[in-house]
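Biologist: Please show me the model, and then let me ask on what grounds its parts are described as they are.

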Amino acid sequence: MQEVQETMTDSGTVSTPGTAGARAENPAALANEKPVKIKSRDVNVFYGEAHALKHVDLDIRQHEVTSLIGPSGCGKSTYLRCINRMNDVIDGCRVEGSIEMDGEDVYDPKLDVVQLRARVGMVFQKPNPFPKSIYDNIAYGPRIHGIGSTKSEMDEIVQGSLQRAGLWEEVKDRMDTPGTGLSGGQQQRLCIARAIAVNPEVILMDEPCSALDPIATAKIEELIDELRQNFTIVIVTHSMQQAARVSQRTAFFHLGILVETDETEQIFTNPKDQRTQDYITGRFG
Ligand SMILES: Nc1ncnc2c1ncn2[C@@H]1O[C@H](COP(=O)(O)OP(=O)(O)OP(=O)(O)O)[C@@H](O)[C@H]1O
């Protein structure tokens, strides 16, 4: 416990106040900041006795891509799963602290978790299309949520989602064939289209390119950049190059602590914490 508090003091002193100071000196930077979509305060996550995430304060801004980086086991996925309450389904997992989306408490017991997960879509590491046709992969979510009551409305949703995910041209003539028959990169874009189909506000991506080749990865990265016009995106990535390419803001985690968060360029060119510096220069991780 002692050790945790000491480390926390270090990280708090180094990251947040430093960032705020830099902003205060630069009013133009402040004026350009997007509104906060997801506000986390003093978030702690425990798996049984193990304290996996420690006192995390993080603001995720609307219509930006925020990357979560850090060495294996530092708590990136755990934090991501806090946002749409996916940790609820893990036995022995306990979340403390506050997470608000647009000022609304995500952990309010009265909140409908199914609705929350429609507002906060998720794309996983390994593409996981349903064992259904391409059409039904997309139509499934809207059907459950009562979106698109007629056949033509559903056709529009399916086509629109596939277009936004950059997949329509490749699949429009094979809508009745299984989603699992697509290439890995196409399957991941199908999963992104499936997430988009229920009109989410936020899309969480947990290492969405780690199972893909460089060409499929480049397509997903391009897509992420387009999607941020309409969605708030949080992405866990092991690739610092990917974080630098796709995100406007980056959060560096280490041993369950959010060490530093700032504009991506700042994190990669002028980090304030030695631990961030060591990680981005490959000294550990
Ligand atoms: N379901 C679980 N049950 C118990 N402990 C878990 C569970 N999931 C994660 N942990 C532990 O919580 C800590 C944070 O794990 P998490 O998966 O969030 O890290 P990560 O940064 O996403 O790692 P990676 O980059 O390897 O995916 C680790 O010590 C991990 O072993």
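Modeller: What follows is a set of questions about terms, each answered with a value and its cut-off.

Biologist: What should I know about the model first?

Modeller: This is a predicted model, in which local features need pLDDT of at least 70 and side-chain atom pairs count only at pLDDT 80 or more, while totals for chains, interfaces and linings use all residues. Residues are numbered from 1 along each chain as its sequence is written.

Biologist: How many helices and strands are there in the chain, and what makes a run count as one?

Modeller: The chain has 13 helices and ten strands. Helices are DSSP runs of H or I with at least four residues, strands are runs of E with at least two, and both are numbered from the N terminus.

Biologist: Why are α6 and α9 called roughly parallel?

Modeller: Two packed helices are described by the angle between their axes and the distance between the axes. The axes are lines fitted to C-alpha atoms, for helices over the stretch in contact, and angles run from 0 to 180 degrees between N-to-C directions. Helix α6 (residues 134-144) and helix α9 (residues 184-196) have axes that cross at roughly 30° and come within 7 Å. Angles under 35 degrees count as roughly parallel, over 145 as roughly antiparallel, 65 to 115 as roughly perpendicular and the rest as oblique. α6 and α9 are therefore roughly parallel to each other.

Biologist: What is the hand of the crossing of α6 and α9?

Modeller: α6 and α9 cross in a right-handed way. A crossing is right-handed if the near helix is turned clockwise from the far one by less than a right angle, and left-handed if anticlockwise.

Biologist: Which residues meet where α6 and α9 are in contact?

Modeller: From α6 come Ile134, Asn137, Ile138 and Gly141, which meet Leu190, Ala193 and Arg194 of α9. Here contact means that C-beta atoms, placed from the backbone, lie within 7 Å. By class, the contact of α6 with α9 has four nonpolar, two polar and one charged residues. Ala, Val, Leu, Ile, Met, Phe, Trp, Tyr, Cys and Pro count as nonpolar, Asp, Glu, Lys and Arg as charged, and the others, Gly among them, as polar.

Biologist: Why are α9 and α10 called roughly parallel?

Modeller: The axes of α9 and helix α10 (residues 214-227) are 9 Å apart and pack at an angle of about 20°. On that angle, α9 and α10 are therefore roughly parallel to each other. Their crossing is right-handed. Gly184, Gly185, Gln188, Arg189 and Ile192 of α9 meet Ala216, Lys219, Ile220 and Leu223 of α10. The contact of α9 with α10 has four nonpolar, three polar and two charged residues.

Biologist: What surrounds the ligand?

Modeller: The shell consists of Tyr47, Ala50, Ala52, Gly70, Ser72, Gly73, Cys74, Gly75, Lys76, Ser77, Thr78 and Ile90. A residue is near a molecule if its C-beta atom, placed from the backbone, lies within 6 Å of it. α4 gives the most to this shell, with three residues. By class, the shell has five nonpolar, six polar and one charged residues.

Biologist: What makes α4 largely enclosed by the rest of the structure?

Modeller: Seven of the eight residues of α4 are buried, so α4 is largely enclosed by the rest of the structure. A residue is buried if 20 or more other C-beta atoms, placed from the backbone, lie within 10 Å of its own, exposed if 12 or fewer, and partly exposed in between. The buried residues of α4 are Lys76, Thr78, Tyr79, Leu80, Arg81, Cys82 and Ile83. Just after α4, Arg85 has a positive phi of about 60°.

Biologist: Why is Tyr135 called partly exposed?

Modeller: Tyr135, in helix α6, is partly exposed because 19 other C-beta atoms lie within 10 Å. Tyr135 touches Val158, Met175 and Asp176, leaving aside residues up to four places away in sequence.

Biologist: Why is Glu265 called partly exposed?

Modeller: Glu265 has 13 other C-beta atoms within 10 Å, so it is partly exposed. Glu265 belongs to helix α12 (residues 264-269).

Biologist: Where is His63, and what is its phi?

Modeller: His63 lies in the loop between β2 and β3 (65-69). Its phi is positive, about 55°, although His63 is not a glycine. His63 counts as partly exposed, with 16 C-beta neighbours inside 10 Å.

Terms used
Contact = placed C-beta atoms within 7 Å.
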